[in-house]
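Here's a quick tour of a few contacts worth looking at.

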Amino acid sequence: MNETAAEPPKPPLAGGRPPPRVLAAMAAVGAALIVLPWVAGAFGDAWIRALCFVALYVMLSLGLNIVVGFAGLLDLGYIAFYAVGAYTYALLASPHLTEHFPALARAFPSGLHVSIWVALPIGASLAAAFGILLGAPVLKLRGDYLAIVTLGFGEIIRIFLNNLNAPLNFTNGPSGLTLIDPVRIGHFDLAHPGVVLGMRPSSLVLYYYLLVAMAMLAVLVCVRLQDSRLGRAWMAIREDEVAARAMGINVRNVKLLAFSLGATFGGVAGGLFAAFQGFVSPESFSLNESIVVLSMIVLGGLGHVPGVVLGAVMLSMLPEALRHTAVPLQLAVFGRVLIDAEVLRMLLYGLATVGIMLYRPRGLWPAPEHGVQPMFGGARAAAPGAAEAASRNG
Amino acid sequence: MVECVLRARSVNKRFGGLQALSDVQVQIDRGQIYGLIGPNGAGKTTFFNVLTGLLPPDSGTFELCGHPYWPTDAHRVAKAGIARTFQNIRLFPDMTALENVMVGRHVRTHANALDAVLRTRRARIEEATIRTSAQALLDDIGIGHYACHLARTLPYGDQRRLEIARALATEPRLLALDEPAAGMNATEKIALRALLTRIRASGVTILLIEHDVKLVMGLCDTVTVLDYGKVISMGTPAQVQRDPDVIEAYLGRAHALVASPLPLHTSAGGDGST
Amino acid sequence: MDTLVQQVINGLVLGSLYALIALGYTMVYGVLNLINFAHGDVLMVGALAALSAVGLLHGMWPGLPGWLLLILGIAAAVPVCVSLSLVIERVAYRPLRHAPRLAPLITAIGVSILIETLAMLIWGRNYLTFPQLLPEAPLHVGAATISVTKVVVIVLAALIMGALLWLVQATRLGRAMRATAENPRVASLMGVNPDAVIAMTFAIGAGLAAVAGVMIEATYQVAHFYMGFIPGLKAFTAAVLGGIGNIPGAMVGGMLLGLIEALGAGYIGQLTNGIFGSNYQDVFAFIVLCAVLIMRPQGLLGERVADRT
């Protein structure tokens, strides 16, 4: 038989140990991440804050990637799970509920201060439950309808968050919830750290380490999921749902699992976000945010974990970088700001999405072997097989 | 005592005005290679799709290895022990050959999400076993050297073999092949025949739809002939090829009256198109 | 009873607007199997362009009567919307015509964001006021009232929809559109130029959206760079409700959705004892959307989508 490849590709190493080159790269990245906040801090606290948000977006992107990239389900309402996680922690760890519900105030005289390590699992489970609730009826829909229904669901959540302040004030409406407890590890309060190991680290730096650690945990979980029986089942469904079913894969349940696992990531990120920021409001959970996360994974490389992380880092750092360069630049050149930072940010997302879909549909860093995502053959179709596979799935 | 692997009786399926299957029955014994033939549009693929859960039948009884079997969800079919291939080859094109077969192992393995994330000992062992058994299957079928190639890069004949390997990975009691010889040249068909004979020898029962009458007659133990959704003949290849109803269905009434057997001994290059 | 009549009237107004917008979605989906996510934003650009035009004209000739300004506003909005729509089709959708279905959808989302950003740059972020062009004094229907503008909405929409039905059923172009919607490849074999027909479909949809956009701002007196999103989403719901790809379906779906929303918003306070008020109005459309897609995805009148194999 003819060899169609020039040289047979190397088999992946069994047992999951990355080759030494990759390990070295990981160590280098790890070292850089440890040093980064101190370097960034020299330019101002705003940069460390930005890095914290990068970590949050990485978690969100990884979660959405499970749904869109691994299982091939376009979810445009993903941010709703982020909201569920955030509001859960906010309600459990702020004065709001005790202020508005006297019965609770009596039950908890010193206020509701549920530790984040308890609230996070609760928020994550709640998000997963919502994921199953949403997913169960809609997963049988075809791709574009699924996208719109999930979009509708996301909007419903946002409207409820905005309006559940009367007659009983659950969410405090558009004003949101404030005075949310910071993260506490034992007696150690991340918002007022005091002296640690002989140094006085700022609270921002400590949050950075926490969020980056959680983001790396998320990466680990994703990589393990991908290279497993479940990950293969997701890939099979994405490639050819009919064949996957014929091979005994319970497509409905496996898709539901993707949905709820993705939701869990969102829920965890949401709880951390609420603790970090100290307040939450419905504004942070609009359709735009869902689209932002989607553009991150599309830009980076759908289904490919390193690509997704790259996309998240790029699309969350670039607007910050632009904010600090483009605005002064315009002031210097034009004397006034023609395009402000917010608009630049949205412009960037729009251009990234359209540009990638038209010119590099697999993303900036797609998977080397299994890179072609049958969903996005693109204008210059990557390979005849891919478009065919996708049209089979319809 | 020969046990029966699949018994289907009174299978009916209607599509709007068309009765695609009418009172079809099939009995496949263990260790057989069972052929289902018939002219185009006879209902062979419809029956296949009914059997494997892709289409719900209007009525019929099914028994798989003595137990009642109702082909509902397609994914339960594999678990019950019927694995199929597709007429148009439905591989996972951007997964490697090895991964394709590993997916076949899905239905007989158990690791779940938690196992995956925690990399439990059980999961790691199971994963290693999946990998080695998949490679062994590929080697056995003769395409082991393609393990790390993307499925869509394989030559056509090897893609068909890969699909069979993937189906075998589900440890089926019945292997249902939908036109496995389609698009193959004579050499490839000889190899296919040898492969199917070997598979039968290993204890797997085979049901196959085919258009290549020569291949079917030479390979199958029992043959059922469908025409317009009805069974018009059933028996050994020798019996069937002499049945005037069958000849009429394929070649027309004139030939049936002459009662000559179906032309099996044509020149070797023929691909048996009807 | 008064509330009922009033809400029915409101529903007809809303419904007329939704129907006009829904037609754009349904026609494009019929020929391309694509949800034109940017359709709502095209509407918005038309509305804002009309706003600018009206403001400009009024500034130059203060004596112009309101109804004339309205007509001129629409006349300004239509070409803007049509050209924008054609550009989007050419640049963003046509290259992906044979790509798997989700690629154009994602691109459409990106295009939508770009258009909103563009509008933000040109017209700013604030809510803009659209002047009251038609007489303010409301007309009375029993105990209910309806403004002149709202009457114009209903009448104009009815006329346009009638014209569209005539176009689609009785003209050569209409036949070509229906053929392309059914099977583009076969249509091209019959001498129909699918690219031209598709462009025409986008253009007509955009024109309808332009009218809808101007009437929205004329009715509610406000325009904003984000004003297209919610009406767009609701109109898509209406299109699906009626049966995607089905032109009469979009009309029926639009009117029905308008009525559901108006009656729902009007009565929800009473029905839920004040727990949920009319501020949940938008939720109705989304609930209808989810319900239709889950329970009857082919819609009320059945879908008509292209056989694009």
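How many residues of domain 1 of chain B are in contact with domain 2 of chain B? In this predicted model, 9 residues of domain 1 touch 8 residues of domain 2. On the domain 1 side, H2 and helix H7 (186-201) of chain B each give two or more residues. As for the two domains themselves, the assignment for chain B puts 1-81 + 172-274 in domain 1 and 91-168 in domain 2. Their centres, taken over C-alpha atoms, sit 28 Å apart.

Now for the contact between chains. Here 35 residues of chain B meet 37 residues of chain A. On the chain B side, helices H2 (74-80), H3 (97-104), H4 (113-118), H5 (121-141) and H6 (156-168) each supply at least two residues.

Over in chain C, take a look at a helix pair. The axes of helix H2 (residues 39-60) of chain C and helix H8 (residues 194-220) of chain C come within 8 Å and cross at roughly 55°, so H2(C) is oblique to H8(C). The crossing of H2(C) past H8(C) is right-handed. Residues making this contact include Ala47(C) and Ala50(C) from H2(C), with Ala206(C) and Gly213(C) among those from H8(C).

Here's the make-up of each of these contacts by residue class:

| H2(C) with H8(C) | 12 residues | 4 residues | 1 residue |

Notes: Residues numbered from 1 in each chain as written. Chains lettered and ligands numbered in written order. Predicted model: local features only at pLDDT ≥ 70, side-chain atom pairs only at ≥ 80, totals over all residues. Contact = placed C-beta atoms within 7 Å. Helix = DSSP H or I, 4+ residues; strand = E, 2+ residues; numbered from the N terminus. Domains from an automatic or database assignment. Axes fitted to C-alpha atoms, helices over the stretch in contact; angles between N-to-C directions. Parallel < 35°, antiparallel > 145°, perpendicular 65-115°, else oblique. Left-handed = near helix turned anticlockwise from the far one by under 90°. Nonpolar A, V, L, I, M, F, W, Y, C, P; charged D, E, K, R; others polar.
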